[in-house]
Structure formats: structure tokens, C-alpha cells
Amino acid sequence: MDRLIYLDNAATTKTSPEAVEAMLPYFTEHYGNPSSVYGFAAANKEVITQQREIIAGVLGAKTNEIYFTAGGTESDNWALTAAAEAYASKGKHIITSRIEHHAILHTCEYLEKRGCEVTYLDVDENGLVDPEAVEAAIRPDTILISVMFANNEIGTIQPIREIGKIAREHGVLFHTDAVQAFGQVPINVDECCIDMLSASGHKLNGPKGIGFLYIRKGVKIRSFIHGGAQERKRRAGTENVPGIVGLGKAVELAAASMKERSEKETKLRDYLIGRIESEIPYCRLNGDRTKRLPNNVNFSFRFIEGESLLIMLDMKGICASSGSACTSGSLDPSHVLLAIGLPHEIAHGSLRMTLGADTTKEDLDYTVDCLKEIVAQLRSMSPLYEDFVKKQGNH
Ligand SMILES: *Cc1c(COP(=O)(O)O)cnc(C)c1O
């Protein structure tokens, strides 16, 4: 099987050839340490500043508000732990949602063990956080609200502007995990009253192991990694120069092509959703139909195990992802699908397909054809489905 259809762009994306091209000289001829004084190396400091400018420009931020990290997970950990520490004298209460990425949820659990109190907001059946619920959860000792911009499993885009406004009105810090949204949808940190924002290179056709945290000027936040004076002394360690250059290039490309790519992907996304809904019975679209990332499709198929579906799609050369926790071997259905109210057995039969810049209509036609066949085959082996069909017949 030489055909490869990659529909897992929420897990990671291909680094664009332009980003790779831009990075290469920083492995070879421009290898100097940006902290060195001689011109040969110091030029790399300038290059890093240029990438900061590109990113800040896209977000409507200032250049010195962008801090490079080793990716989305680090940015999320930094934002939460450092804010909890820096604002400990004000209080210990944090508000977040039940559908955050584990980089947020597990950091919250860690902070709870260290004396913080965390409110985990429920979401509705489409995965939306209610801004009024955010407001109602604010207490005098609330120091931070962290709500993701868009969900990585079901693609739902949150009312970030409304939530940011509420946080600002109450004088509470607002962080958003924008790892899935940044590069896909327009984001302006001022319009949305965002104080901190996490993003990652490999989710937007940049390299892996590089990301950034936007920290608004004036936000008190402690160093995360202690050592040298890099990143304004807040995140020590010799800079990942090739990674930063690749990230900058990826951000530049994503911003320049966003409108066109988003229109194209939204059309393809809705085409895929439409074909599945009309051709495969007993399925359910997860996530909001319109407040949704342009590249995300997530379905539950009744009487099916998501894992079996993935294995059989893999045999057809199709890469997708299921709703099970990404920790391999875990049989727990995804916390996101449970939070939107799916019963365990339905959450188990879930499939996420996330499109990329190269995805074509032909890829999706082939995928639906395979999916129809596989779903029918798996159902034909399911005793539950057999019972269900018998019962239907009796009516
Ligand atoms: C992928 C992802 C992360 C983690 O980013 P890494 O760069 O892989 O560490 C965090 N949050 C969300 C929403 C993600 O999709």
C-alpha cells in the first residue's frame, strides 16, 4: 500500500519545505551561540529578534512579549505554575475547563497538590464554555482563568473574546492554550484581552520541540527554567536557533495563507462531514458545527471500537486518531468526549480526522469509501449491533 492519506494534523503536521530550508543554515554555517559577543555569533541574536517580531506582528503583540519555549506543553506548564507562584499573595484559585489538553489539566492537578484550588468548568453538548459560568466562578482569590482557544479533539472554538473581557473586568489574569488555533484562525491578544497565550511550532507546519509563550507586559511571572540570561532571564538555556527560525517561517506562511487555506479547508471539512452523515448510519458529529476549526472532523460511530477502526484505516493507508486517551494502552475514553456528555460506549467509537494544507477532495472520497466499508464490516461482527437490528425489525 503506497497510498498515504494523512488526516492527523491535530497530532502534528509536516514541516513545510520553506521552514526546513530556512532552518538548515543555522545547523551548519551559522552555528554560533547567540549570547557570544563576536559578530559571527551575535548575528544569530538578531535573527531570533526577527522571528519574535514576526510572531508578535501576527498576534498584535510587542516583540519583547514573545518568549520561546520547547513547545506547547512547556508554555502551558510555565503559564500556570509561574502565575500560581507569582500571584500566591493574591490567592490560590484557578478557573479552567474540563476539556483542556492534559498539559493544562495535569498541571492543574499538580498545583492542587501544592495548595491551589481549581474550578473545572463544564461545557455544553458541543464543547462550548459558557462565559457566564466563567464569571460566576470568579472569587476574590481567583488569580487565573485558563481556557483553550480551540479544542484539539472536537475542534470547538471557544468564545475567547467574551471570556477575556470578563477576566479583564474582574482583574483576573487570562491565559489561553492556542496551540490548535494559532495559525488557523485570526487571533489578536488585545481584542481578546489575552494576558498569556501558548503556541507550538509543529501544529502549524513548523518544527517539533519549539513553541512560545506570549506574556503581556506587566504580568508578573517568574522564570521557568533557571540558568543564563536568555529570554529576558525568564527561560534560560541556549536558544534553539534553527527551531526558532523554522517556527518564524511557519508562522509567517500560516498568517499569509490563513484566509485562503481556511476557506478551502472549511469546504473540504463540510464535504467530509456531509458525506459521512448521509452515507453512514448511526453516527454523530462531535463538536460545534460552525464554531469549529476549519480542519477538524470528529465522529462517533455506534457499535464500533475506535481502536479497531484506526487499525483498519491504517491498513488502507489512512492516518487518523481515535477518541481514546493518547496514553497508549489506556482504555479510558477521552475526557473531552465524556465532558460533552457522550456515554462511554459511544465515546469509544470515535474517530478524529484533521485535514492539512495538502488534503484533497480525492483523499476524502477515498477515506469515506474505506470508512463505509470498514464500519459495515465491524458492525457485522458486533453482537450489540445484531441485537439492535433485530429490535428495529420488531417495530
Ligand atoms: C499539541 C497540543 C499541546 C502540546 O503541544 P506540544 O508542542 O506537542 O508540547 C498543547 N495543547 C494543545 C491544545 C495541543 O493540541
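Which residue in strand 8 stands opposite isoleucine 66? The residue is tyrosine 214. This briefing concerns a predicted model, in which local features need pLDDT of at least 70, side-chain atom pairs count only at pLDDT 80 or more, and totals for chains, interfaces and linings use all residues. Residues are numbered from 1 along each chain as its sequence is written, and side-chain values use heavy atoms, with hydrogens and water left out.

- Seven strands form an open sheet of mixed pairing in the order 2-8-7-6-5-3-4; strands (E, at least two residues) and helices (H or I, at least four residues) are DSSP runs numbered from the N terminus, and two strands pair if DSSP finds at least two bridges between them.
- Strand 2 (66-69) and strand 4 (117-121) are at the edges with a single partner strand each, so one side of each has no neighbour in the sheet.
- Neighbouring strands of this sheet are turned by 20° against each other on average, direction ignored.
- Four bridges link strand 2 and strand 8 (residues 211-215) in the antiparallel sense.
- Helix 2 (residues 39-59) lies across strand 2, strand 7 (196-200) and strand 8, and runs at about 115° to strand 2. Contact means heavy atoms within 4.5 Å; axes are lines fitted to C-alpha atoms, for helices over the stretch in contact, and angles run from 0 to 180 degrees between N-to-C directions.

**Ligand surroundings**

- Around the ligand are 13 residues, of which Thr73, Asp177, Gln180, Ser200 and Lys203 come nearest; a residue is near if one of its heavy atoms lies within 4 Å.
- In the side chain of aspartate 177, an N or O atom is 2.7 Å from a nitrogen atom of the ligand.
- The protein buries 88% of the 380 Å² that the ligand exposes when taken alone (Shrake-Rupley method, 1.4 Å probe).
- Helix 3 (residues 72-86) gives the most to the shell, with three residues.

- An open sheet of four strands, paired antiparallel, has the order 9-10-13-12.
- Strand 9 (283-285) and strand 12 (321-322) stand at its edges, each with a single partner strand, so one side of each is left without a neighbour in the sheet.
- Strand 12 and strand 13 (residues 350-354) run antiparallel and are joined by two bridges; serine 321 stands opposite arginine 352 in strand 13.

Methods
Polar contact = N/O pair within 3.5 Å; in protein donor to acceptor, adjacent residues only side chain to side chain.
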